[in-house]
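Hi,

Here's the structure I promised to pass on.

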Amino acid sequence: MDTTILIDVLKDEFRPYQEKLYEALSQREQLVAPAVVFGELLPQFKGNEKEAGEFLSDHRIAIEPLDVASVSSASKGWLKYLSRREKIVCPNCGQALPQRMHFLSDFYIGGYASARCDAILTRDRGIYKKYFPDLEGYAGCLR
């Protein structure tokens, strides 16, 4: 599980992706997420761990710690990302311009899914397709 889908449920946005979650639940899929997802989700509950835990429990999503295989897979993707990042400079003043940045947590989620899961349920296709090309998307969510 990626955090994006859970936030979509909470905010009632991106209904097609919410439906993929509910499809997985109806199929009795085993839904798991690395602990970093809990950390990313917690601000949606204003830090209330009990409420966040109840939400995850209600959606039958287990939170698991990151293991060495997951972190190793994440690190490979992160290194690839760091090596590909372009330095963009303003042609007028020479200052570095901001660019889209990913966070290490995105790579932990991808690494966890690569090492431990059959597929990932996410709305954020780009990062997982680019840096975890062997990772399958649940219900075609990486197409």
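Predicted model: local features only at pLDDT ≥ 70, side-chain atom pairs only at ≥ 80, totals over all residues.

Residues are numbered from 1 along each chain as its sequence is written, and side-chain values use heavy atoms, with hydrogens and water left out.

Helix α1 (residues 3-11) packs against helix α2 (residues 15-26) at an angle of about 105°, and their axes are 9 Å apart. That makes α1 roughly perpendicular to α2 (the word covers angles of 65 to 115 degrees). On the α1 side, I5, D8 and V9 meet Y17, Q18, L21 and Y22 of α2 (contact means heavy atoms within 4.5 Å).

Now the rings: the whole structure holds eight aromatic pairs (ring centres within 6.5 Å; planes under 30 degrees apart are stacked, over 60 edge-to-face, the rest tilted). F45 and F55 make a tilted pair, 5.6 Å centre to centre with 45° between the planes. F45 lies in the loop between α3 (35-41) and α4 (49-58), and F55 in helix α4. F45 is buried at 13% relative accessible area, and F55 is buried too, at 10% (buried means under 20%, with a 1.4 Å probe and protein chains only).

Y128 and F132 are also tilted, with centres 6.3 Å apart and planes at 40°.

Cheers

Notes:
Axes fitted to C-alpha atoms, helices over the stretch in contact; angles between N-to-C directions. Helix = DSSP H or I, 4+ residues; strand = E, 2+ residues; numbered from the N terminus. Parallel < 35°, antiparallel > 145°, perpendicular 65-115°, else oblique. Phe/Tyr/Trp six-rings, centres within 6.5 Å; stacked < 30°, edge-to-face > 60°. Buried < 20%, exposed > 50% of the residue type's maximum accessible area, 1.4 Å probe, protein only.
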